[in-house]
Amino acid sequence: MSFLNNSELILCYHVLEHVSRPDETLKLIYKNMQKNAFLHLEVPIELDLLPNLEAGHLIALFPQDVAKFLADANFDILMMTNHTCIDGHLIERYLCRKS
């Protein structure tokens, strides 16, 4: 990935649903990142109003929740997708940058 140019890359896969305040968690991540660093994250999207307790989820994330949290934390969203493998669970995946 030549666009990284030795920049910091933070990976956060299936983490935010396990914290009580993903909005505040993303603000803390942003605060502690280097300028021009990248964040790549993926979260499951719930179909029910309740979180998946069997998977240890503390909160249920719905479509575009994370986009709002990222914007509120001042991240630049470079790319978003919700494509998954056939018969896979619903997800959202983001690539962001701290300007």
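## Cysteines

Cys12 counts as buried because its relative accessibility is 6%, where buried means under 20% relative accessible area, exposed over 50% and partly exposed in between (1.4 Å probe, protein chains only). Its sulfur lies 10 Å from the closest cysteine sulfur, that of Cys96, too far for a bond. Cys96 likewise takes part in no disulfide, and at 0% relative accessibility Cys96 counts as buried. With a disulfide taken as a pair of cysteine sulfur atoms within 2.5 Å, the count comes to 0.

## Basis of the values

The model is predicted: local features need pLDDT of at least 70 and side-chain atom pairs count only at pLDDT 80 or more, whereas totals for chains, interfaces and linings use all residues. Residues are numbered from 1 along each chain as its sequence is written, and side-chain values use heavy atoms, leaving out hydrogens and water.

## Nonpolar core

A nonpolar core is a set of buried Ala, Val, Leu, Ile, Met, Phe, Trp, Tyr and Cys residues joined through side-chain atoms within 4.5 Å. The largest one has 20 residues, and Leu26, Leu39, Leu41, Leu70 and Phe75 have the most contacts inside it. Two or more residues each come from α1 (22-32), β2 (38-44), α2 (65-72) and β4 (91-97); helices (H or I, at least four residues) and strands (E, at least two) are DSSP runs numbered from the N terminus. The most, 4 residues, come from α2.

Contact means heavy atoms within 4.5 Å. Beyond four places in sequence, Leu39 touches residues including Cys12, Leu26, Leu70, Phe75 and Cys96.

## Glu17

Glu17 lies in the loop between β1 (9-13) and α1. Glu17 is buried yet has no salt bridge, and the nearest side chain of opposite charge, Arg93, is 12 Å away. A salt bridge is a side-chain nitrogen of Lys or Arg within 4 Å of a carboxyl oxygen of Asp or Glu; Lys and Arg count as positive, Asp and Glu as negative, with His and the chain ends not counted.
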